Each structure stands twice: as C-alpha cells, then as structure tokens.
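Work through these exercises with the model open beside you. Try each task before reading its solution.

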Amino acid sequence: MTINFKEIEKANSGTGYQDTFELFARDFLENRGFEIIGDPARGADGGIDLKIKEVRKGVSGQETTFFWLVSCKHF
C-alpha cells in the first residue's frame with residue numbers, strides 16, 4: 001500500500017480540513033491494533049493529539065498494558 005501524504009490538508013490551511021492528518025493517524029493506529037482512548041480535539045491539548053492503549057501479550061500469556069501520548073505533526 002502506498003500513501004500520498006500530499007493529499008492530506010496541512011494543519012495550518014484554514015480550509016476546515018485542518019484535522020485530517022490527526023484523523024488519519026487515529027484511523028491508522030486503530031487499524032494497527034491500538035485502542036483509541038482519547039480522540040483528536042480542537043483547542044489547547046498540551047501537545048497531545050491522541051491517547052492510545054496497547055496491550056502486549058508475552059510468551060507466558062501475561063499481558064502488559066502501555067499507554068501512549070501521540071503528537072501528530074504534518075508539514
């Protein structure tokens with residue numbers, strides 16, 4: 001699969017599609033198996049665009065949960 005990032009509107013464009021890259025990142029990470037626990041939102045976010053959860057299962061069957069804070073940059 002090839003992704004042309006030029007098709008995604010820049011965050012500073014002011015066309016109403018400024019959130020497109022963050023939404024793409026959310027959908028991509030969800031497709032890769034991460035659980036989205038905090039969607040992108042407008043306004044001050046402290047540099048955190050997405051909050052995601054990852055559950056890893058070890059060879060012994062024990063699960064470890066990781067929480068990730070994602071900052072999306074698209075220039």
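**Exercise 1. The hairpin**

Which residue in β3 does Lys 53 stand opposite?

Solution. First, the ground rules. This is a predicted model, in which local features need pLDDT of at least 70, side-chain atom pairs count only at pLDDT 80 or more, and totals for chains, interfaces and linings use all residues. Residues are numbered from 1 along each chain as its sequence is written, and side-chain values use heavy atoms, with hydrogens and water left out.

Step 1. Find the strands. Helices (H or I, at least four residues) and strands (E, at least two) are DSSP runs, numbered from the N terminus. Strand β2 covers residues 50–57, and strand β3 covers residues 63–70.

Step 2. Check the pairing. Two strands pair if DSSP finds at least two bridges between them. Here eight bridges join β2 to β3, and the two run antiparallel.

Step 3. Read across. Lys 53 faces Phe 67 in β3.

Step 4. Look at the turn. Five residues separate β2 and β3 in this hairpin. Gly 61, in the turn, has a positive phi of about 95°.

**Exercise 2. The overall layout**

Solution. Step 1. Count the elements: the chain has one helix and three strands.

Step 1. Buried means under 20% relative accessible area, exposed over 50%, and partly exposed in between (1.4 Å probe, protein chains only). Of the chain's 75 residues, 20% are buried.

Step 2. Accessible areas come from the Shrake-Rupley method with a 1.4 Å probe; for residues, only the protein chains shown count as cover. The chain exposes about 5900 Å², with 51% of it supplied by carbon and sulfur atoms.

**Exercise 3. Salt bridges**

How many salt bridges does a search of the whole structure find?

Solution. Step 1. A salt bridge is a side-chain nitrogen of Lys or Arg within 4 Å of a carboxyl oxygen of Asp or Glu. Side chains of opposite charge can pair when their charged atoms come close.

Step 1. Count: the search gives three.

Step 2. Take Arg 26 and Asp 27. Their side chains meet at 3.0 Å, N to O. Arg 26 is partly exposed at 21%, and Asp 27 is partly exposed at 39%.

Step 3. Take Lys 53 and Glu 35. Their closest N and O atoms are 3.5 Å apart. Lys 53 lies in β2 and Glu 35 in β1 (residues 35–38), so this pair ties together parts that are 18 residues apart in sequence. Lys 53 is partly exposed at 24%, as is Glu 35 at 41%.

Step 4. Take Arg 56 and Glu 54. The N to O distance is 3.1 Å. Arg 56 is partly exposed at 40%, whereas Glu 54 is buried at 16%.

**Exercise 4. The core**

Solution. Step 1. Define the core: a set of buried Ala, Val, Leu, Ile, Met, Phe, Trp, Tyr and Cys residues joined through side-chain atoms within 4.5 Å.

Step 1. List the members. The largest core has nine residues: Ile 8, Phe 21, Ala 25, Leu 29, Ile 36, Leu 50, Ile 52, Val 70 and Cys 72.

Step 2. Sort by element. α1 and β2 are the elements that give two or more residues. α1 gives the most, with three.

**Exercise 5. A glutamate in the helix**

Is Glu 22 buried or exposed?

Solution. Step 1. Locate Glu 22: helix α1, residues 20–31.

Step 1. Check its area. The relative accessible area of Glu 22 is 15%, which counts as buried.

Step 2. List its contacts (heavy atoms within 4.5 Å). Neighbours within four places in sequence aside, Glu 22 is in contact with Pro 40, Asp 49, Leu 50 and Cys 72.

Step 3. Turn to Cys 72. Leaving out residues up to four places away, Cys 72 touches Phe 21, Glu 22, Ala 25, Asp 49 and Leu 50.
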